[in-house]
Amino acid sequence: MPEAENQNDASAPAGAGGDPPKTAKQLEKERLKAEKLAKLQAKLDKKAAAAPVAGDKKEKPEKRTKEVKEAAVYTAQTAPGEKKDLSGALPDAYSPRYVEAQWYSWWEKEGFFTPEYGRASIDAPNPNGKFVMIIPPPNVTGSLHLGHALTNSIEDAITRYHRMKGRTTLWVPGCDHAGIATQVVVEKLLWRDEKLSRHDLGREKFIERIWDWRREKGGRIYDQLRSLGSSYDWSRVAFTMDPKLCRAVTEAFVRLHEEGSIYRSSRLVNWSCTLRSAISDIEVDKVEIPGRTFLSIPGYEEKVEFGVLIKFAYKVEDSDEEIVVATTRIETMLGDTAVAVHPKDERYKHLHGKFVVHPFSTRRLPIVCDEFVEMEFGTGAVKITPAHDPNDYEVGKRCNLPFITIFNDDGFIIGDYGEFTGMKRFECRKKILEKLKSLNLYRETLNNPMVVPICSRSKDVVEPLIKPQWYVSCSDMAASATEAVRSGTLKIIPEHHTKTWYHWMDGIRDWCVSRQLWWGHRIPAYHVSFSDPTIQTGSNDDEQYWIVARTEEEALNKAAERFGVDASKILLKQDEDVLDTWFSSGIFPFSVFGWPDQTKDLETFYPTSLLETGHDILFFWVARMVFFGQKLLGKLPFKEVYLHPMVRDAHGRKMSKSLGNVIDPMDVICGITLEGLNAQLVGSNLDPREIEKAKAGQKQDYPQGIPECGSDALRFALCAYITQARDINLDINRVQGYRFFCNKLWNATKFALLYFTGSEKFDTELSASDAINQIDAWILSRLASAIETCNNGFESYDFAAATSACYAFWLYDLCDVYLECLKPIFQSGSEEQQTAARRTLYVCLDFGLRLLSPFMPFITEELYQRLPRANPAPSICVASYPSNVSWRSAKIESDVEFVQKAARIIRSARSDYNLPNKVKTEVYIVCTDEVPTEILKRYAGDLATISYCSKVVFDSPAPPGCTILTVTGQCEVHLLLKGLVEADKEIAKLQKKSDQLVQTVGKLTQAIQAADYATKVPAEVQEANETKLSESQAEIVRIAAAVETLKLM
């Protein structure tokens, strides 16, 4: 063992061939040396342990994660509403958590978002005009989703733009009581926590529970809107169940009824058996199935079959004949009251006026003629169930057929049907099929692609049922709404949505506004009966016995007058139903301002300027606001409607919890791990069987979770996506890209502020003649271009153009070019040059931040507050938005674009030769035209800076060892490479490229020489081939020259 050998060596006596004994001093010296070596080895071992294994690329993400964790956080003890403490230096790197802290509460407290700010009164004349908009009120039930984030990003950008343009600006916030959604949520909580139903509590106590829930949870969505930076006037916030809005709803209903626009009728409605309520068309999901499919339905243990067409026979009375009919809902045959055929169908003419026999009742079904029957489809005979099918309902009215309801509100069979009575509708479906088979009336089952109507709230299959309900007559209002768009009085943007508008209006049906719920605006209608039995009492369906009134007292007086009966003998019972949520939403544009009272707000702010929302509710909400605005106030509620696209995931799929691709905006703003996303699924109301599928979807799309991006990056990304398309495919990586843009913005401003070292303050008053440095004149021209594009973008709702202009100005003009070109000026320029550059730089920072502010309010406020401003606005959100200025110069921009082209070519060549930026090269300009020579001479210093060159030489021959780069046909750049590259390697690379080009030229030449080339190949392809051929041939020549150059090195 080594230790034993050392011991033996140490004790061996000195002798022949042995080392002389060491002195104490030598031994001490060796001990110290050994200690040093041990320490060094320990250091090396530690370093080796920390170093990444060769080829291991998994360390980089860990570094980034560490950086995020160490991001700056605002820690100053600032009370909410007080201005942010800016006494400290800017953090080294951009941190959304630091930047977005504290500002919103200060904006709100200062009243920047109110129309009163800076004005004597809201109706004081303003030469800049006014801008008014209402929020599409989100449901009180939940939290923001990406649709809300998109809506708020667009609307806040528009609002902030108009506020900065000096207009009297108001954006009204609010929330919708969301009748069905809210009641469902609270019912589920009540059952989960107390095992009680709403019926156990009773109506009043249940509504109290909803108010308790709303007080506890209702503020969450407002906090999220604040987190997004949405600049609402919170002093005017409106909830659709607030007393002021409830009064407006009652008044609207009464007025519309008094003039005949609201009436009561028994008709088919969309009925949810689970909710025991009618639902609106927008709450019905049309689920397409390709054929035989089994679906999970609430209340059924086994899945239910859909997507099949069942054929069965009805026997003709007193005959051996039969008529075969087909249906996708075999259970509804219990409610059949006729069989319809086309009057011209020769097959059935001999049966006109005869009857078929119902197998499960004593009912005789007449064979009726109706032209709606398609002779060529199926057997040409159709079973008619007027009480449970929209088409059959119309046939029933035309042919005066009985309307027999076979389902109760819960979906159970009612009526005298023997063994089927009391069954659930889909259990009855199976039993009827078995019975038809036993009676030899079943014929066949066919695969049948179809659409199944599903209640979006309960996931139950919607059942058409006849119910006595209140309806709004829409035909006259639709005609007025159509004319408003046709005449241009109401403008819909993008314009292609007008086709949808006309389509809906032309096919308008009266609107059922009754909902069998407890939460909502109770219908102000009272059924009249009498305590005196000698006075005739009407049925519940008889509209004559219904009184619509603002109060019960008013209803009593109206009833006494209508029936000529003493009020003491009248009994009133208010309708149990509530109004469709869309009714209160329809009057939102004026109820929020105090209507029906003639308030100062109503006089000043109605009609509003713009309605911005998603195109999916063009009819369900936008049209109804137009209806009620014109009907009740005689004015359109807004002048323009801007409809934004729908948000889908990066793969173009609809956002769905079951797919795991639903994104909470707060997760994008704050960041979340994959485990955190999974945990949200577990806590959701998703079917447990779908949770694993959703988790897999999350793992595929967000393997590392969602990084913290901040509100500014999310808002900017969503606005940048806006085009004329109907959908947005949102990729989180793009949002993260704009978070990196925020970092670039942060670093650029932080660096630029280093040039403002004194106490001097600056303003934005600057003329083009003040630009002593040529690059100053260029950046001012580029800034003027961005200002023009942004203003035009906002005025035409082209948000993609506006965001692109801001992005390009900051990234490509200011950072990539201007700040680089300023370095030599501030290093060695004259005092006059530096002063001019400083003034120009200030204007770029100030105006550049203001251009961005509507999209990115937080970071722009943070940086704007740190600028050395001479005449500062208290906040960037009330600073003036840059207007079109006179700095634009097409000549200067064209010249610098040419210089940038030369620089790009030089940088590309440097990259090809693997030259790092710190290695400076020399370039020699060789031009046969004076124009490019003069341009490059004028900007020689800037060209050297942005192409990493030590000098730019004109009028001197290039030395040996240069590569020749072509800028144009008249201008070449000779880049000196001698001593900087390995010639043999570069020659090999160029030769390989040349060989590829020779092959390209050969293929193109062969194709062009083909006999039918001129006739068969499209002109644009021929042109492209000619261009590619000439460019390739020219490139071969240049490469040959470059190779010869390299051979000389």
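I looked up which residues of H16 are buried (under 20% relative accessible area, with over 50% exposed and partly exposed in between, 1.4 Å probe, protein chains only): they are Ala 555, Ala 559 and Ala 560. They sit on the same side of H16 because they cover an arc of only 135° around the axis, taken from the directions from the helix axis to the C-beta atoms. On the other side, Glu 553 and Glu 561 are exposed.

Notes on the source: this is a predicted model, where local features need pLDDT of at least 70 and side-chain atom pairs pLDDT 80 or more, while totals for chains, interfaces and linings use all residues. Residues are numbered from 1 along each chain, and side-chain values use heavy atoms, leaving out hydrogens and water.

Helices (H or I, at least four residues) and strands (E, at least two) are DSSP runs, numbered from the N terminus. I see that H16 covers residues 552-563. Just after H16, Gly 564 has a positive phi of about 60°.

Next, the rings. I pair Phe, Tyr and Trp (its six-membered ring) if centres lie within 6.5 Å; planes under 30 degrees apart are stacked, over 60 edge-to-face, the rest tilted. That gives 55 aromatic pairs. I picked Tyr 738 and Tyr 807, edge-to-face at 5.8 Å centre to centre, with 90° between the planes. Tyr 738 is in helix H25 and Tyr 807 in helix H27, so this pair ties together parts 69 residues apart in sequence. Tyr 738 counts as buried at 11%, whereas Tyr 807 is partly exposed at 23%.

Key: The expected span of a helix is 1.5 Å times one less than its number of residues.
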